[in-house]
Each structure stands twice: as structure tokens, then as C-alpha cells.
Amino acid sequence: MDSEMQMKDVQQICVRHQIEVEDLQMVTGSFGKKIFLINQEFLLRVSQNPMMHELGKFKRVAALAFVPRVIHTGTIMREDGPLYYILLTLLAGDDFVNLYQTTTKGQQRELGVNTAEFLDRLHQLEGRKYDI
């Protein structure tokens, strides 16, 4: 799937969901999945393979705070086969690894406490396997 085709596909998905694209960035996700950041507001995951496993993960953690929310899922048909997608909310903020050096000890402690609380809630969810 070449870059030009990917952008055309993303545009088609955005039109389908009435999203006017002003800013579009592509990043490579795990296992070759393509991920697009749209208007610094949405995250779009696309794959040539069905993403039921990934969708199941998002649904399982949907009750937790600070996780992306599924907005839409679907498939678009193309000449070279279907393209599956999951449209998600984009969590605001910067990667902690980029900001760590500028944080205070108190902020680092607060982040540690908040992360531990999040993981405690995550571990309370039942699942057949561990897949963070």
C-alpha cells in the first residue's frame, strides 16, 4: 500500500465521517499497522487485515480514564482489497519521555501514583490474556 494510496484512503474515511482534514500526519504502528493523526484530534488505525483483536482491547478498557475512545470502525473497499479501520480519540498531551527532564520531583511522584492507580484499575479487568 503506497503512501499516495494511503492518503487517498484516509481522505475517503474522513469524508465518510464528516471530518475536514486540516492536519494529517502518518506514523508507523506495531506490526505494520499504519496510524494517522488527524487535526491533532483523532487517531486513525488502518490495516489490510481485520482488527477485531485490537477493537476488543479498546472495548475492554473503555471504562478506564485516560485511554483512547473508539469513535467509528469500518471497512472501505478498494481495488486491491478491503481496508479496515478504527477511528479513535487522540489523547492530548506530550509523551512523558520527552518532558521528563522538565518535571519536578513532586510531578514525577504524582505521575507515579496516577500510573499505579491506572494499572490497579486495569488489572481488575478480566481477560483471557495479558496484552498491554
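Leaving aside neighbours within four places in sequence, which residues is Gln108 in contact with? Gln108 is in contact with Tyr100 and Thr103, where contact means heavy atoms within 4.5 Å. This is a predicted model, in which local features need pLDDT of at least 70 and side-chain atom pairs count only at pLDDT 80 or more, while totals for chains, interfaces and linings use all residues. Residues are numbered from 1 along each chain as its sequence is written, and side-chain values use heavy atoms, with hydrogens and water left out. Helices (H or I, at least four residues) and strands (E, at least two) are DSSP runs, numbered from the N terminus.

- Helix H4 covers residues 105–123, and its 19 residues should span 27 Å at 1.5 Å a residue; the expected span is 1.5 Å times one less than the number of residues. The end C-alpha atoms are 27 Å apart, which agrees.
- Gln108, Phe118 and Leu122 are the buried residues of H4; buried means under 20% relative accessible area, exposed over 50%, and partly exposed in between (1.4 Å probe, protein chains only).
- Exposed Lys105 and Arg109 sit on the face of H4 turned away from its buried side.
- Gln108 has a relative accessible area of 19%, so it counts as buried.
- The side chains of Gln108 and Thr103 are joined by a polar contact of 3.0 Å. A polar contact is a pair of N or O atoms within 3.5 Å; within protein, one must be able to donate a hydrogen and the other to accept it, and residues adjacent in sequence count only if both atoms are side-chain atoms.

- Strand S2 (residues 34–38) has four of its five residues buried.
- S2 pairs with strand S3 (residues 42–47) in the antiparallel sense over five bridges; two strands pair if DSSP finds at least two bridges between them.
- Lys34 stands opposite Val46 in S3.
- Three residues lie between S2 and S3 in this hairpin, and Asn39 in the turn has a positive phi of about 55 degrees.

**Positive phi values**

- Most residues other than glycine have a negative phi.
- Gln18, not a glycine, has a positive phi of about 55 degrees and is found in the loop between H1 and strand S1 (24–28).
- Gln18 is exposed, with a relative accessible area of 77%, whereas Asn39 is buried, with a relative accessible area of 19%.

**Nonpolar cores**

- The largest nonpolar core has 13 residues, and Ile38, Leu44 and Val46 have the most contacts inside it. A nonpolar core is a set of buried Ala, Val, Leu, Ile, Met, Phe, Trp, Tyr and Cys residues joined through side-chain atoms within 4.5 Å.
- Helix H1 (3–16), S2, S3 and strand S5 (81–89) each supply at least two residues of this core.
- Another core, of eight residues, lies apart from it and includes Ile35, Leu37, Leu55 and Ile86.

**Helix H2**

- Glu54, Leu55 and Phe58 are buried in helix H2 (residues 52–60).
- The buried residues of H2 fall within an arc of 100 degrees seen down the axis, so they line one face of the helix.
- These buried residues pack against S3, strand S4 (70–78) and S5.
- Met52 and Lys59 are exposed, on the face of H2 turned away from its buried side.

Terms used:
Arc of directions from axis to C-beta.
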